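Welcome! Please take a look at the structure below, and then we will walk through it topic by topic.

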Amino acid sequence: MPNASIAEWLLRRVTTQERAAAITGDLIEQNTKRASLLFWFSVAGIMLSLSARWLLAFIIAWQVGNWTFSHFLRSSGILGFIETEGFSHHHTGHLFLIFVISLGVVGNFLWQIGLFLAIRYGLRDTMARLTMMLAFAAICALALVGAAVSITNWWAKPAVSAICIFAMLIGAIFSLLTAQRRKVTQALTGTLFVTALAVPVCGSMSGLLMYLISKIPQWAIHTPRSLVFTSVFPVFNMLIFLIEISVCTTMHDRTSPKDTVEI
Amino acid sequence: MAKPLSLGEFEQIVLLAILRLGDNAYGVAIRSEITLCTGRQPAPGALYTTLDRMQEKGIVRSWFGDATPQRGGRPKRFFALTKSGHAALVSAQQAYQNMLRGLDLLGEPNA
C-alpha cells in the first residue's frame, strides 16, 4: 500500500484535516489493487485541482491588483499630489496628506483582497461583494481627491475630506445592517488589522536585512549591492500580501453560512 | 421567492449521482455511479473541487462517517442535497425538459 500518511499530509496543505483524511481514504479504497504510481498521480491531480483557484486568485490579485492600483494612483494625480505635498517645504496640510496616504493604502489592500475573494469564491460571495464595494468607495474618494487637487488647486480639501468621511459612514452603516454582513465586516476588519500589523513587522525585517547586507563587504557579494537592495523590497511586499491573503481565507471560512458546514 | 442557483452540466451529473446513491453518496461511490451511468470517468480532482464548490454555495451538505479498516482507518465523507440544491436541480432539469419538448431526439417524440 502506498504511504497514505504522506499523501494525507500533502492534501492537508490544500484542504481541511477531515477532508484530507476522507480523500485519502477514498484513494486507498480505489487503489488497493493498482500501482502506487497511479495513487500518487491522483494525489497530485487532486492537490492541483483544489489549489488551482486559490493560486489563480493569488497571482491575479497580486500582479493585476498592484499594477492597476498604482496606475490609477498615477493617472488620477494622487501620487503627484503626495510627492509634491510630502517633499515640498510649503506644506498645505499634514492632516490631509496623512488622510490621503491612509486612504490609498487601505484602498490598495481592499482592492487586492476584493479581487482575490471575487476570483476565489465568486462575485456572489458576501465578503467579496462587501470588499469590492468598499474598494470602489475608496477608489472613488481618491479619484475625487485627485480631481479636487488638480482642478481647484487644493482649496476644496475640507469638502473632499467631508465627502470621503460621509461615504465611509454610509459604507459602515450598510455593512452593519444584517447579521451576515456584520460577520463579514468583522472578518474584513480582522484581515485589515492583521495586515496593518504585518506592514511594520515586515518593513522592520526588510530594514534589518538591508542593514545586514550593507555590512557584508562588496567582494563577498557577486552582484551589485543596489540590485540586492531592490530585490529585497518585492520579497517582503509579497510576504505582506501572503499574510493578508492567508488571514483573509481563514476569516472567510469562518463566515460560511451554517447550512454548508459539515455536520 | 428567491431565484434557484444555476448549475453547470457536471454539477447536475454529480447531484443526480448523489440522489441515486441516497445514503451511500461518498467520493468513490459517486465517481463509480457517474462512470456507470455516463461512461465518463471523472478525474478525482474535478469531482472533489466540484463537491467543495457546491458545498460553499449551499447546494450540498456533507458529514463524516465512521473510520473503516479498508480505508486505512479513515472516514467517508457523505454528501446530500440541501433544499436549495434540490430546487436548483429541479429547475435545471425542467429547463432541459422544456427544451426537449417537441423534438425527436431520444427516438420518440417528446410530448
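Is A:Asp125 buried or exposed? A:Asp125 counts as buried, since its relative accessibility is 16%; here buried means under 20% relative accessible area, exposed means over 50%, and partly exposed lies in between, using a 1.4 Å probe and protein chains only. Please keep in mind that this is a predicted model, in which local features need pLDDT of at least 70, side-chain atom pairs count only at pLDDT 80 or more, and totals for chains, interfaces and linings use all residues. Residues are numbered from 1 along each chain as its sequence is written, chains are lettered from A and ligands numbered from 1 in the order in which they are written, and side-chain values use heavy atoms, leaving out hydrogens and water.

**Confidence in the model**

- The model has an ipTM of 0.88 and a pTM of 0.71.
- For chain B the average pLDDT is 89, and 95% of the residues score at least 70; pLDDT is the predictor's confidence in each residue, from 0 to 100.
- Where pLDDT is low, the predicted coordinates should not be read in detail.

**More about A:Asp125**

- You can find A:Asp125 in the loop between helix H5 (94-121) and helix H6 (126-151) of chain A; helices (H or I, at least four residues) and strands (E, at least two) are DSSP runs, numbered from the N terminus.
- The side chain of A:Asp125 reaches the backbone nitrogen of A:Ala128 at 3.0 Å. A polar contact is a pair of N or O atoms within 3.5 Å; within protein, one must be able to donate a hydrogen and the other to accept it, and residues adjacent in sequence count only if both atoms are side-chain atoms.
- Although A:Asp125 and A:His252 are 127 residues apart along the chain, their C-alpha atoms are separated by 9.7 Å.

**Chain B as a whole**

- Chain B contains 4 helices and 2 strands, arranged along the sequence in the pattern α-α-α-β-β-α.
- Its C-alpha atoms fill a box of roughly 55 × 35 × 20 Å, taken along the principal axes.
- Of the 111 residues in chain B, 43% are buried.

**The strand pair of chain B**

- Strand E1 (residues 60-68) of chain B pairs with E2(B) in the antiparallel sense over 7 bridges; two strands pair if DSSP finds at least two bridges between them.
- Within this pair, B:Val60 stands opposite B:Leu81 in E2(B).
- E1(B) and E2(B) make a hairpin with 5 residues between them, and B:Gly72 in the turn has a positive phi of about 65°.
- Why is strand E2 (residues 74-81) of chain B largely enclosed by the rest of the structure? This is because 8 of the 8 residues of strand E2 of chain B are buried.

**Salt bridges**

- Side chains of opposite charge can pair when their charged atoms come close.
- Over all chains the count is 10 salt bridges, where a salt bridge is a side-chain nitrogen of Lys or Arg within 4 Å of a carboxyl oxygen of Asp or Glu.
- A:Arg120 forms a salt bridge with B:Glu56, with the closest N and O atoms 3.7 Å apart. This pair crosses between chains, from helix H5 of chain A to helix H3 (residues 44-57) of chain B.
- A:Arg120 is buried at 16% relative accessible area, whereas B:Glu56 is partly exposed at 38%.
- B:Glu11 forms a salt bridge with B:Lys57, with the closest N and O atoms 3.4 Å apart. The pair links distant parts of the chain, 46 residues apart: B:Glu11 is in helix H1 (residues 9-21) of chain B and B:Lys57 in helix H3 of chain B.
- B:Glu11 counts as buried at 5% relative accessibility, while B:Lys57 is partly exposed at 34%.
- B:Arg20 forms a salt bridge with B:Glu33, with the closest N and O atoms 2.7 Å apart. B:Arg20 lies in helix H1 of chain B and B:Glu33 in helix H2 (residues 27-38) of chain B, so the pair ties together parts that are 13 residues apart in sequence.
- B:Arg20 is exposed at 58% relative accessibility, but B:Glu33 is buried at 14%.
- A:Arg19, B:Asp52 and B:Arg77 are joined into one network by salt bridges that share partners.
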